Amino acid sequence: MGFLSKRSLLYALCCLCLNLGVARDTISSFQSLKDPDYIISRGGAFRLGFFSPVNSTNRYLGIWYNKISVVTYFSVVWVANRERPIKDSSGVLTIYEDGNLVILNGQAEILWSSNVSNSVPNPSATLLDSGNLVLQGNTTGAIVWESFQQLCDTMLPRMRSSNNLRTNEKIQLTSWKSPSDPSTGRFSGGINPQNIPQGFIWKDGHPYWRTGPWNGQFFTGAPSWIPDYHSGFTIVYDKEETVYATIAYFNAIGLTKYFLDSQGNSMVIHWDDEKEDWEVVGVVPANECDVYGTCGAFGSCYALSSPICSCLKGFEPKIAEEWNRGNWMSGCVRRTPLQCERVNNRSEGGGKADGFLKLEMVKVPDFAEWSYQTKDDCRKQCLENCSCVAYAYDTGIGCMSWSGNLIDLQKFPTGGIDLQKSSTGGLDIYIRLAHLEFEKERNLKVIITVIVIIGAMAIPSTAYFLWRWMTKKRANKSRKSLPSKNLNDVKLHELPTFSLEELATATNNFHVANMLGRGGFGAVYKGKLHDGQEIAVKRRSRSSGQGLEEFMNEVFVISKLQHRNLVRLLGCCIEGEENMLIYEYMSNKSLDAIVFGMEIVEGRQHYGFGRPNNMGSLLSNGDVEMHTCGTVVCARIGKRQANYVYYNFNA
């Protein structure tokens, strides 16, 4: 009796320890898992328990990586009661009396069930190191239910995404509604086995992204990402007409998972032990061209071009206004009818056979029809079928052909450009075009060739005539700039300059009372500088017809004359259109007044040069002593523009 009591006590203690969360991997038919208890898979890879998502107080039963201490959106791989959360911490996981795994709340209400009808005696639930929670009979070991049959947003090794062709039963990934809400979101992912298997992401049941056809080794339009992280997908047809896909990873990689996030992105992520954070290995859709049907029917999408959409050769936008605004969904229409249509309509040239335009490195369109043909027979078969608009051939797939619209055609980059780890390479496709389109291409090539030849001849000729024109222009410019030699000879930086403001102040703003006289160049004003020095300011008149050239000629001439009996040039002023010469003021009138006398014109003293025939007496006057100057200046009277005559006595 005492022995039995000890055994009963030991058994009770073991049950108590199990319920307190001691590490174990199995829940038997007489046990339960209460929040916050948990079980851990035998190898310690995964943990099953209750958790709350970020920014949420709801409680869910889920499976996550045991290695990661904090439960996050990325670390959770499976959720049981995703549609019916527990509002408090009263949740319990147990094996119900009908043999099903159930989750109960505090009111003993069933919130979730494994929902199997073929129950087994004495069942138990075990968490495997693969992350799979299995319900099986203890005696037979037969598995009656497993979490791998109810996918959430994560694809683990040995999970299956399947589609039964006979029953249309599907097992697909379904995204969370948000990182805070594990309920079923708008996106789902799985395999479409029709014709040629393809992987799809659907948004609200409509295609959102696709992998391209499966060729037996890889999806021809999906990213390869980094092969070190996983060995790729495998697609299998079983005897029950079920097509399923599995994904396998290299064992040495560690924590890596493939999942569908709440925004519809299919991602491969890897746990970085050093950073203690998740690293994104690859994601699709990676750009706008990855989104299904971005460019509409007969449109081609290329992520590196701007705009990204263009009509295939031989096609034009269906609605040009929408296309120009960047709305490409209406797609493109054929420009020239194919041969069959021309024959049916009895159009001219109906007998000319169609041709094929080759496009390289593309994700071939959706809705391909498969047939077992050689490459040559594939082309022939398409050409003989009036409804065939394109064909492609791959050794792993066979012959693919398309009738109707070409949807979701995407061009991949070449030359090693990395767009989200690059694609697996794409396929070549041949687009059927009317014979006239190729004639247009040949004509265009001829036109381009002619233009290039003409351009090659015209460029040297144009360059020659341009050189001649520039040479003449430079020569004319040189001739026009000859007077500027005087400008260069006069070192203006050695000649003092006066500001317009300074001269306006000195002459009382060029008051008429200060005017000494007027000539062809302009008026002469008397002024007094701030230091008391009296000056004569010769101001060019705008109506004189004389410009900078005449002004600089006078500067040149006066600057060359050096004599004690001649007025001295003190400086100049050049501001905007104002050109002025500043001389020292002669209080006893000018030299010509002394030599020739002074004329009275209309009551005013008139200063001017004497007649030319009086110049001799001037030069012979010993008092003037101009013979020592070496240069004599004469001015012609009666011309608005002063003409200076130079005579060199030393010659």
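This is a predicted model: local features need pLDDT of at least 70, side-chain atom pairs count only at pLDDT 80 or more; totals for chains, interfaces and linings use all residues.
Hi everyone, thanks for coming. Let's start with the overall count. How many disulfides does the structure hold? There are 6. If you count the bonded cysteines along the chain, the pattern of pairing reads 1-3, 2-4, 5-6, 7-10, 8-12, 9-11. As a quick reminder, a disulfide is a covalent bond between the sulfur atoms of two cysteines. I'd like to walk you through three of these links.

Please find Cys-289 and Cys-301. Their sulfurs are joined in a disulfide, with 2.0 Å from S to S. The angle about the S-S bond is -80°, and the link of Cys-289 and Cys-301 is left-handed. Which parts of the chain does this pair tie together? Cys-289 sits in the loop between strand E24 (277-284) and strand E25 (299-301), while Cys-301 belongs to strand E25 itself, so the bond ties together parts that are 12 residues apart in sequence. And are these two buried or exposed? Cys-289 is buried, at 2% relative accessibility, and Cys-301 is buried too, with a relative accessible area of 2%.

On to the next pair, Cys-311 and Cys-332. Here again we have a disulfide, and the sulfur atoms are 2.0 Å apart. The link of Cys-311 and Cys-332 is left-handed, with -85° about the S-S bond. This one runs from strand to strand: Cys-311 is in strand E26 (residues 309-311) and Cys-332 is in strand E28 (residues 332-334), so the parts it ties together are 21 residues apart in sequence. Cys-332 is buried, and its relative accessible area is 4%.

What is the handedness of the link of Cys-378 and Cys-399? With 70° about the S-S bond, that link is right-handed. The pair connects a helix to a strand: Cys-378 lies in helix H4 (residues 375-384) and Cys-399 in strand E32 (residues 398-403), distant parts of the chain that are 21 residues apart. Both of these cysteines are buried.

Another buried cysteine is Cys-152, at 2% relative accessibility.

Terms used. Residues are numbered from 1 along each chain as its sequence is written. Side-chain values use heavy atoms; hydrogens and water are left out. A disulfide is a pair of cysteine sulfur atoms within 2.5 Å. Helices (H or I, at least four residues) and strands (E, at least two) are DSSP runs, numbered from the N terminus. Buried means under 20% relative accessible area, exposed over 50%, partly exposed in between (1.4 Å probe, protein chains only).
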